[in-house]
Amino acid sequence: MNPKDINIKNRRATFDYEIVDTFTAGIVLTGTEIKSIRSGHASLVDTFCYISSLGEVWVKNMNIAQYFYGTYNNHEARRDRKLLLTKKEIAKLMKSGRDAGYTIVPLRLFINGRGLAKLVIGIARGKKEYDKRQAIKEREDKRTLARMMHK
């Protein structure tokens with residue numbers, strides 16, 4: 001698998017949340033974590049971001065499976081990982097993170113052109129139950145329209 005083809009998405013985030021703003025952040029990784037990501041063994045299910053008291057942004061509960069060819073130096077699969085953002089971006093995240101009903105969720109994990117792992121995070125507002133039903137209805141309508149066009 002070509003490392004540039006890595007594009008791990010958090011599909012649940014766009015269903016559960018309305019994305020208000022997005023940022024692209026670098027991730028601080030240890031030795032075997034990047035190898036595991038390049039082989040496609042990572043998951044963004046049930047992940048979220050938080051801002052520490054020191055003003056640093058962290059991603060919590062992101063699963064990067066242990067590297068298959070790793071030794072005793074292998075990494076821990078679910079640990080908190082620091083995100084690399086500018087001070088301006090962190091200030092914007094802090095401002096919106098304090099508002100009620102908003103949260104910071106990871107949307108997509110990818111490898112950029114230079115071979116570095118990047119995480120797209122978004123400021124999100126939770127959807128109500130009827131918004132979710134509306135999204136399902138729109139998706140089904142698109143599918144039926146696409147089926148009609150192919151016949």
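Colleague: What should the 12 residues of helix H3 span, and how far apart are its end C-alpha atoms?

Modeller: Helix H3 covers residues 87-98, and at 1.5 Å a residue its 12 residues should span 16 Å. The end C-alpha atoms are 17 Å apart, which agrees with that expectation. Please keep in mind that this is a predicted model.

Colleague: Which residues of H3 are buried?

Modeller: The buried residues of H3 are Ile 90, Leu 93 and Ser 96. They cover an arc of only 135° around the axis, so they sit on the same side of H3.

Colleague: Why do residues three or four places apart point the same way in an α-helix?

Modeller: An α-helix has 3.6 residues a turn, so residues at that spacing point the same way.

Colleague: And which exposed residues are on the face of H3 turned away from the buried side?

Modeller: That face carries Lys 87, Lys 88, Lys 95 and Arg 98, which are exposed.

Colleague: Let us step back. How many helices and strands are there in the protein chain?

Modeller: The protein chain contains 4 helices and 9 strands. Along the sequence they follow the pattern β-α-β-α-β-β-β-β-β-α-β-β-α.

Colleague: What box do the C-alpha atoms fill, and what share of the 151 residues counts as buried?

Modeller: Taken along the principal axes, the box is roughly 55 × 40 × 25 Å. Of the 151 residues, 32% count as buried.

Colleague: Now the strands. Which residues make up the covered face of strand S7, and which the uncovered one?

Modeller: Strand S7 comprises residues 81-84. Arg 81 and Leu 83 form its covered face, while Lys 82 and Leu 84 form the uncovered one.

Colleague: How many bridges join strand S2 to S7?

Modeller: There are 2 bridges between S7 and strand S2, residues 17-27, and the two strands run antiparallel. Within that pairing, Ile 27 stands opposite Leu 83 in S7.

Colleague: Over how many bridges do S5 and S7 pair, and in which sense?

Modeller: S5 and S7 pair over 3 bridges, in the antiparallel sense. Here Trp 58 stands opposite Lys 82 in S7.

Colleague: Staying with S5, is Val 57 buried or exposed?

Modeller: Val 57, which is found in strand S5, is buried, because its relative accessible area is 1%.

Colleague: Arg 12 brings me to the largest pocket. Which residues line the largest pocket?

Modeller: The lining consists of Asn 10, Arg 12, Ala 13, Asp 16, Tyr 17, Val 45, Asp 46, Thr 47, Phe 48 and Val 105. By class, 5 are nonpolar, 2 polar and 3 charged. The space in this pocket is about 150 Å³.

Colleague: Which helix gives the most to the lining?

Modeller: Helix H1, residues 11-16, gives the most, with 3 residues.

Colleague: What is the relative accessibility of Ala 13?

Modeller: Ala 13 lies in helix H1 and counts as buried, because its relative accessibility is 3%, under the 20% cut-off. Its C-alpha atom is separated by 6.6 Å from that of Leu 107, which is 94 residues away along the chain.

Colleague: What is phi for Asn 61?

Modeller: Phi of Asn 61 is near 75°, a positive value as well, and this residue is not glycine. Asn 61 is in the loop between strand S5 (57-60) and strand S6 (63-64). With a relative accessible area of 27%, Asn 61 is partly exposed.

Methods: Residues numbered from 1 in each chain as written. Predicted model: local features only at pLDDT ≥ 70, side-chain atom pairs only at ≥ 80, totals over all residues. Heavy atoms only, no water. 1 Å grid on protein atoms, 1.4 Å probe; cavity = no way out; pocket = protein on both sides within 12 Å on 5 of 7 lines; lining within 4 Å. Points joined across faces, edges and corners; volume = space filled by probe spheres on them. Nonpolar A, V, L, I, M, F, W, Y, C, P; charged D, E, K, R; others polar. Buried < 20%, exposed > 50% of the residue type's maximum accessible area, 1.4 Å probe, protein only. Pairing = 2+ DSSP bridges. Expected span 1.5 Å × (residues − 1). Arc of directions from axis to C-beta.
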